[in-house]
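Let's take a walk through a protein model together. Have a look at the picture first, and then we will go through it piece by piece.

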Amino acid sequence: THERIGSMAIAVDPVGAIFGVWQAGTTTGARRVNEPGTLTWNDCLSREAERSREFYATVCGWTNDQIGDGGKFDYTTGSVNGKVVGGIMQMGAELPDEIPSNWMTYFAVDNAVETADKAVSLGANLIMEPADTQRGRLAVIQDPQGAVFAIIEPSDQ
């Protein structure tokens with residue numbers, strides 16, 4: 001008998017951000033999250049945040065909640081059944097036009113500086129040096145194959 005581990009689709013949203021969806025079969029997906037070495041957050045950095053909010057609300061059933069100021073810091077969280085599952089942020093003019101709308105995946109780490117240094121020693125590029133934010137110290141890394149992701153040392157550790 002052939003067991004279906006799950007079904008996956010990769011698509012591009014209306015503002016150009018690539019995303020994937022997963023329907024569980026025998027493999028449910030991420031079982032461990034929000035601890036060092038695991039997925040902890042996803043942000044859609046959007047050139048047209050309102051269109052992104054409408055799209056993910058329609059396609060994924062998100063309820064959007066503005067937690068930013070709606071202007072300079074236009075940031076909403078998306079929730080499903082009352083559980084926050086990600087965020088959407090309007091990309092500002094400080095980001096070059098050649099950076100398209102995109103999803104940024106964050107991984108929790110014990111020490112952002114040490115993790116960033118280790119990544120660089122293994123051939124990665126540091127896109128953003130470790131910096132303190134309200135949520136913790138984060139850095140943005142491009143791995144040797146070109147994938148970009150963020151690491152965060154949560155401030156509640």
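Aromatic rings make handy landmarks, so we begin with what a pair is: rings of Phe, Tyr and Trp (its six-membered ring) pair if their centres lie within 6.5 Å, and planes under 30 degrees apart count as stacked, over 60 as edge-to-face and the rest as tilted. By this rule, the structure holds eight aromatic pairs. Before we visit some of them, note that this is a predicted model, in which local features need pLDDT of at least 70 and side-chain atom pairs count only at pLDDT 80 or more, while totals for chains, interfaces and linings use all residues. Residues are numbered from 1 along each chain as its sequence is written, and side-chain values use heavy atoms, with hydrogens and water left out.

Which kind of pair do Tyr56 and Trp103 form? Their ring centres are 5.4 Å apart and their planes stand at 90°, so this pair is edge-to-face. It links distant parts of the chain, since Tyr56 sits in helix H1 and Trp103 in strand E7, 47 residues apart. Helices (H or I, at least four residues) and strands (E, at least two) are DSSP runs, numbered from the N terminus. For accessibility, buried means under 20% relative accessible area, exposed over 50%, and partly exposed in between (1.4 Å probe, protein chains only). Tyr56 has 2% relative accessibility, so this residue counts as buried. Tyr56 and Trp103 also belong to one aromatic cluster with Phe19, Phe55 and Trp62.

Phe73 and Tyr75 give us a stacked pair, with 5.8 Å from centre to centre and 5° between the planes.

Two strands pair if DSSP finds at least two bridges between them. Eight strands form an open sheet with mixed pairing, in the order E4-E5-E6-E3-E7-E10-E9-E8. The edge strands, E4 (63-66) and E8 (125-132), each pair on one side only. Neighbouring strands are turned by 25° against each other on average, direction ignored. Such angles come from axes, which are lines fitted to C-alpha atoms, for helices over the stretch in contact, and they run from 0 to 180 degrees between N-to-C directions.

Contact means heavy atoms within 4.5 Å. Leaving aside neighbours within four places in sequence, Thr63 is in contact with Thr77, Gly78 and Ser79.

Moving along the sheet, strands E3 (residues 39-46) and E6 (residues 83-90) run parallel and are joined by four bridges, with Ser46 opposite Gln90 in E6. E3 also pairs with E7, this time in the antiparallel sense over six bridges. Here Leu39 has Phe107 in E7 as its bridge partner. Phe107 has a bridge partner in E10 too, namely Ile151, and E7 and E10 pair in the parallel sense over three bridges.

In a regular strand the side chains alternate between the two faces of the sheet. Strand E7 has a covered face, with Asn102, Met104, Tyr106 and Ala108, and an uncovered one, with Trp103, Thr105 and Phe107.

The other end of the sheet has two hairpins. E9 and E10 form another with five residues between them, where Gly146 in the turn has a positive phi of about 105°. Seven bridges join this antiparallel pair. Five of the seven residues of E9 are buried, so E9 is largely enclosed by the rest of the structure.

Helix H1 (residues 49-60) lies across E3, E4, E5, E6 and E7, at about 155° to E6. Helix H2 (residues 112-121) lies across E8, E9 and E10, at about 170° to E8.

A nonpolar core is a set of buried Ala, Val, Leu, Ile, Met, Phe, Trp, Tyr and Cys residues joined through side-chain atoms within 4.5 Å. The largest one has nine residues: Val109, Ala112, Ala116, Ala119, Ala124, Ala139, Ile141, Phe149 and Ile151. H2, E9 and E10 are the elements that give two or more residues to this core, and H2 gives the largest share, three residues.
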